[in-house]
Amino acid sequence: MPVTAPSTPLPRQRVSARCQPMPKSDAQSAYTPRRGRPDARQMVAIDRAILSTAQRLFLEEGYDATAMETIAGAAGVSKATLYARHPTKSDLFRAVVQDRVKQWGQMSNGHDRIEGQTLRERLLDHGILIARTLTNPEVHAFQRLLISTRERFPELSLVMYESGSRPITDRIARDIADATAQEGRPARDPDLIARLFLSAMTGWQLQEGAAHSMTDDELEEVARRIVDLLLLAKAGW
């Protein structure tokens, strides 16, 4: 599951059991079909309209219930235009996931809000940022969508991991390595500790979130508990 930082602070909200409808993107809204051969700017707008429309429909209706013809109609393009860019629905689905993960990665790289000074403070900052990301309806919806299609698209889980989870664990591992080195007792495997931390956060949300809705405050409290438990085992790092 991908965990990346949203570009703006997320409002306090509960994660609903169903995906909320996604608003049209600026790119999709900006595209207006015209007669004649599209210029370079229109080509970009067409591509964005297709991807944003497909994403919205896949998340709202599910992969199996979404037809290519429906996507073409909602995006305002012909079926020929859609199939010229994405010959099959599976090709389009892969493109949607890869495009969204790329955008999440860009937002995450540009918004490093980890400000704590001590190791505990920095781990808490990481945990709270992860918790808030997990309550993002779009992230939550993508999690459920990828779980439901995992057997057909196993490679997309790797895409989500390499572009989503991996950069987060790398940053956490660097903080652990730096802090323990300064203390004179370097951690033997900071990457493993970072992955355990992230897995504890995401695993809790997937397991408990399936049973009942969780607020930001509840997930942030979970982050504090997980950090405290992790630090209690610090002697074994």
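**Close-up 1. The bend in helix α8 of this predicted model.** At Ser165, α8 bends by about 40°. A proline, Pro167, follows within four residues of that spot. The helix covers residues 154–182, so 29 residues in all, and its first and last C-alpha atoms are 40 Å apart, which is close to the 42 Å expected at 1.5 Å a residue. Just after α8 comes Gly184, which takes a positive phi of about 85°.

**Close-up 2. Arg166 and what it touches.** Arg166 is found in helix α8. Is this arginine buried or exposed? Arg166 counts as buried because its relative accessible area is 17%, and the cut-off for buried is under 20%. Leaving aside residues up to four places away in sequence, Arg166 touches Tyr161, Asp191 and Arg195.

**Close-up 3. Helix α7 and its buried residues.** Here we have 12 residues, 137–148, reaching 17 Å from first C-alpha to last, close to the expected 16 Å. Which residues of α7 are buried? The list is Glu138, Val139, His140, Ala141, Phe142, Gln143, Leu145 and Leu146.

**Close-up 4. Helices α6 and α10 crossing.** The axes of α6 (residues 119–134) and α10 (residues 216–232) come within 8 Å and cross at roughly 145°. This crossing is right-handed. On the α6 side, the residues making the contact include Leu123, Leu124, Ile128 and Arg132; from α10, Leu219, Ala223, Arg224 and Val227 are among them. Sorted by class, the contact has 11 nonpolar, 1 polar and 6 charged residues.

Key: Residues numbered from 1 in each chain as written. Predicted model: local features only at pLDDT ≥ 70, side-chain atom pairs only at ≥ 80, totals over all residues. Heavy atoms only, no water. Helix = DSSP H or I, 4+ residues; strand = E, 2+ residues; numbered from the N terminus. Bend = angle between axes of the 7 residues up to and from the residue. Buried < 20%, exposed > 50% of the residue type's maximum accessible area, 1.4 Å probe, protein only. Contact = heavy atoms within 4.5 Å. Axes fitted to C-alpha atoms, helices over the stretch in contact; angles between N-to-C directions. Left-handed = near helix turned anticlockwise from the far one by under 90°. Nonpolar A, V, L, I, M, F, W, Y, C, P; charged D, E, K, R; others polar.
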